[in-house]
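Please read them alongside the sequence and the structure.

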Amino acid sequence: MFSRLNLSEIKKNYKNQFLNRNGKISYCDKFTYFILPWIIGIILALIKIPNNDLKSLVGTIFSILIGMYLTLVVLLISNIVVDKKDVTPIQQNNRLDVIEQTIFIILYAVTCSIYTVVFLLFIDFISINNLKLELFFRTLIGESTDTILKTIVSAFIYVNAYKSIISFFIIIRSLIALFSFDLKVERNKLVQRENEDKIL
């Protein structure tokens with residue numbers, strides 16, 4: 001059943017964006033994109049569990065982001081079939097690689113955004129009525145089981161929100177690289193036409 005969801009492939013292709021020539025992720029990238037989200041998420045969850053106002057704001061923002069990301073995917077897919085006559089096969093292949101990478105980054109951002117919204121909805125339904133567990137956690141930590149569970153879910157909310165936002169900036173970088181390439185091709189065409197006009 002889960003193989004149909006294909007989430008592991010999205011995550012795998014996202015991680016592949018950070019591989020260096022040795023096929024490994026540098027410590028800096030590993031810390032920034034895979035460790036730091038959890039550090040920030042846990043710290044923010046310990047500071048504040050999202051209240052209704054924050055949940056409403058975050059839910060609205062990420063719902064908008066999901067729509068924007070999916071629109072970008074459609075635009076990129078429609079841009080794949082564009083025929084670039086003045087581009088070498090190697091350049092065209094590099095261009096298609098950038099489009100493929102960007103699509104997987106966007107899909108990863110969509111997944112994180114959906115997780116964020118789902119966890120926001122789930123946090124309101126957390127409640128465990130078990131007196132033994134309640135007494136255990138009250139004695140050990142001084143907090144109720146509901147508060148502890150809400151803190152854990154809040155950490156997941158903040159982690160996925162961070163990942164989605166950081167993916168947004170990676171997407172921008174990829175789009176700049178793609179559009180710079182296309183603009184360069186179009187400028188070369190203009191220069192070619194000017195040279196042809198001068199010859200005539």
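This is a predicted model: local features need pLDDT of at least 70, side-chain atom pairs count only at pLDDT 80 or more; totals for chains, interfaces and linings use all residues.

1. For the protein chain as a whole the mean pLDDT is 82, with 81% of the residues reaching 70 or more.

2. The secondary structure consists of six helices and zero strands. Among contacts between residues at least 6 apart in sequence, 77% join residues that are at least 24 apart.

3. Helix α2 deserves a careful look: its 21 residues reach 28 Å from the first C-alpha to the last, which is close to the 30 Å expected at 1.5 Å a residue. P37 is itself buried, as are Y33, F34, G41 and A45 of α2.

4. The largest nonpolar core holds 33 residues, of which Y14, Y33, Y69, L76, I106 and I171 touch the most other members. Two or more residues each are given to this core by α1 (7-16), α2 (27-47), α3 (52-80), α4 (89-122) and α6 (145-199), and the largest share, ten residues, comes from α4.

5. Which residues does Y33 contact, leaving aside its neighbours within four places in sequence? They are Y14, F18, I166 and I170.

6. Of the 200 residues in the protein chain, 34% are buried. The accessible surface of the chain comes to about 13,400 Å², and 65% of that area belongs to carbon and sulfur atoms.

Notes: Residues are numbered from 1 along each chain as its sequence is written. Side-chain values use heavy atoms; hydrogens and water are left out. A nonpolar core is a set of buried Ala, Val, Leu, Ile, Met, Phe, Trp, Tyr and Cys residues joined through side-chain atoms within 4.5 Å. Buried means under 20% relative accessible area, exposed over 50%, partly exposed in between (1.4 Å probe, protein chains only). Helices (H or I, at least four residues) and strands (E, at least two) are DSSP runs, numbered from the N terminus. Contact means heavy atoms within 4.5 Å. pLDDT is the predictor's confidence in each residue, from 0 to 100. The expected span of a helix is 1.5 Å times one less than its number of residues. Accessible areas come from the Shrake-Rupley method with a 1.4 Å probe; for residues, only the protein chains shown count as cover.
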